[in-house]
Amino acid sequence: MTDQELIARAFTMHQYSYVPYSHFPVGAALLCSNGRVFTGCNVENAAYGSTVCAERTALLKAVSEGCRAGWQAIAIAGQGADYCWPCGACRQMLYEFAPGLRVLAARGDGDFQAVPLAELLPHGFGPKSLE
Ligand code: THU
């Protein structure tokens, strides 16, 4: 699957975003080494802090379906003029399972940037930190 195809999968998730408060839909698509793709959207809540980002929705779907290794890339699609970079909590959650992950951050017009997760979360705290 190409980066562009993964980005397209992320954009298709906007239709499922539950965003009555921010009105800012985000979609995500996580590519695993076996070719499986786990998608996600943001799901907001009246208690704002309980909101779950699109990336973590995709991550939780992958882990809860038995896929917790071999993650290649995650595409994140926002609708704004700026690239949709993952929030701190999502960076941390992704680092747990895939410190070498590629992150593709797209903006509303479809343009995107690709950066390694390690660049977004330098000196990250992960499972190895507990050894
Ligand atoms: N959001 C995501 O889903 N992923 C990101 O990378 C950034 C922010 C969501 C959370 C909230 O529903 C809305 O975007 C505005 O912050």
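**Reading aromatic pairs and cores**

Mentor: Let us begin with one residue of this predicted model: Y48 is exposed, since its relative accessible area is 60%, and the cut-off for exposed is over 50%.

Trainee: Is Y21 buried, partly exposed or exposed?

Mentor: Y21 counts as partly exposed, with a relative accessibility of 38%.

Trainee: How is a pair of aromatic rings described?

Mentor: Such a pair is described by the distance of the centres and the angle of the planes. In this structure there are three aromatic pairs. One of them joins Y21 and Y48; the centres lie 5.4 Å apart and the planes make an angle of 45°, which is a tilted arrangement.

Trainee: Which parts of the chain does this pair link?

Mentor: The pair links distant parts, 27 residues apart: Y21 belongs to the loop between α1 (3-12) and β1, and Y48 to the loop between β2 (37-41) and α2.

Trainee: Which residues have the most contacts inside the largest nonpolar core?

Mentor: That core has 23 residues, and those with the most contacts inside it are L30, W71, I74, L94, L101 and V103. At least two core residues come from each of β1 (27-32), α2 (54-64), β3 (71-77), α3 (88-97) and α4 (117-120). The largest share, four residues, is supplied by α2.

Trainee: What is I74 in contact with, leaving aside its neighbours within four places in sequence?

Mentor: Its contacts include L6, A28, L30, E55, L94, R102 and V103. Apart from this core lies another, of 11 residues, with I7, V37, A75 and A106 among them.

Note on methods:
Residues numbered from 1 in each chain as written. Predicted model: local features only at pLDDT ≥ 70, side-chain atom pairs only at ≥ 80, totals over all residues. Heavy atoms only, no water. Core = buried A, V, L, I, M, F, W, Y, C linked by side-chain atoms within 4.5 Å. Buried < 20%, exposed > 50% of the residue type's maximum accessible area, 1.4 Å probe, protein only. Contact = heavy atoms within 4.5 Å. Phe/Tyr/Trp six-rings, centres within 6.5 Å; stacked < 30°, edge-to-face > 60°.
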